[in-house]
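Subject: Structure handover and findings

Hello,

Here is the structure you asked about, with my notes below it. Please read the notes with the structure open.

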Amino acid sequence: MRFNRFFILFFFALFAVSCGSKKKVITTKKEGVIAESSENNRIEGVKPLGGAPKLPPVNPRLYTVEDYIRDFAAVAMEEMRLYNIPASITLAQGILESGGGKGDLTMRSNNHFGIKCHDWKGAQVYHDDDARGECFRKYKDARYSYRDHSLFLTERKRYASLFDLDKDDYKGWARGLRKAGYATDRKYPDKLISLIERYKLYKFDADVLKRPSPSYTYTPEEPESVTYRVKKGDTLYAIAKKHNTTVEDLQRFNNLRDTNIKVGQMLVIISPE
């Protein structure tokens, strides 16, 4: 009897230990699934990014284009050194595509170039763009968005001819990007060139190439005032992007306290187009 009791107690103890070990294995598997590896690790693997991460502005309404340039010029210059994409072009695209760093998509995803998911296996967000609820890549740090932008251009054959241009030929790059299909907006090259010359972004190319910075006189066109009726699916960011203006200007000219708009609402739009 004593032997039988001992045997039964030993069997239950062994069963309990076995169950406990199985739980640990399951936990390990779950942790492996939750860990964010995917594309962000692939991007980090090209060159580890040290220093403080670049995150969305704390107060977007007070964040200016000059603030954006201050925050991301060094990042664009580093990408130019590594991938031969003019820093001026990268910065101008970042400003335009991200709404100066404070567009809705950028604030939610750290995606500064509007790069859609395609074959992306990393984190994702959904945003209304050409169609409703399109899939866009999401990054834990805006610098990975810049790195992914460099990889996006260097790894696709349709952009290969751009790398035959002079490294500071921002006008050639601006026109070539649209020709290669980066954007469908026929005014996309003019918008990039306008930003580069207005904010003297070409000086960052000169710094990387250790050349004297060229000097241009920026002469903006007379702004044109138009009205726009809000349609179903419109967002203030999408309207600003379409008309080459900013969310901040739309809010100022229309006395909007936030980004909420409604179908049928008339907006005054002042842009250089």
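Start with helix α3, residues 65–83. This helix has a kink of about 45 degrees, centred on Phe72. The bend at a residue is the angle between axes fitted to the seven residues ending there and the seven starting there. Helices (H or I, at least four residues) and strands (E, at least two) are DSSP runs, numbered from the N terminus.

Before you go further: this is a predicted model, where local features need pLDDT of at least 70, side-chain atom pairs count only at pLDDT 80 or more, and totals for chains, interfaces and linings use all residues. Residues are numbered from 1 along each chain as its sequence is written, and side-chain values use heavy atoms, with hydrogens and water left out.

Back to α3. Its buried residues include Phe72, Val75, Met80 and Tyr83. Buried means under 20% relative accessible area, exposed over 50%, and partly exposed in between (1.4 Å probe, protein chains only). Asn84 follows α3 and has a positive phi, near 65 degrees.

Now the chain as a whole. It has eleven helices and four strands. Of its 273 residues, 41% count as buried. Among contacts in the chain with a separation of 6 or more, 62% are between residues 24 or more positions apart. Contact means heavy atoms within 4.5 Å.

Next, the largest pocket. It holds about 1,100 Å³ of space. A pocket is found on a 1 Å grid over the protein atoms alone, as an open set of points where a 1.4 Å probe fits, with protein on both sides within 12 Å along at least five of seven lines; lining residues have an atom within 4 Å of a point. Grid points are joined across faces, edges and corners, and the volume is the space filled by probe spheres set on the points.

The lining of this pocket has 38 residues, and Lys116, Asp129, Asp130, Thr184 and Lys241 lie nearest the centre. Helices α4 (87–98), α8 (188–198) and α10 (236–242) are the elements that each give two or more residues to the lining. The largest share, five residues, is from α10. By type, the lining has 15 nonpolar, seven polar and 16 charged residues. Here Ala, Val, Leu, Ile, Met, Phe, Trp, Tyr, Cys and Pro count as nonpolar, Asp, Glu, Lys and Arg as charged, and the others, Gly among them, as polar.

His127 is in strand β1. Is His127 buried or exposed? It counts as buried because its relative accessible area is 5%. Its side chain makes polar contacts with those of Asp104, at 3.5 Å, and Arg108, at 3.4 Å. A polar contact is a pair of N or O atoms within 3.5 Å; within protein, one must be able to donate a hydrogen and the other to accept it, and residues adjacent in sequence count only if both atoms are side-chain atoms.

Asn111 sits in the loop between α5 (104–109) and β1 (124–127). It counts as buried because its relative accessibility is 1%. Its side chain reaches the backbone nitrogen of Phe113 at 3.2 Å. Tyr139 is 28 residues from Asn111 in sequence, but 6.5 Å away in space, C-alpha to C-alpha.

Gln265 is in the loop between α11 (247–253) and β4 (266–271). Its side chain reaches the backbone nitrogen of Lys262 at 3.1 Å.

Best wishes
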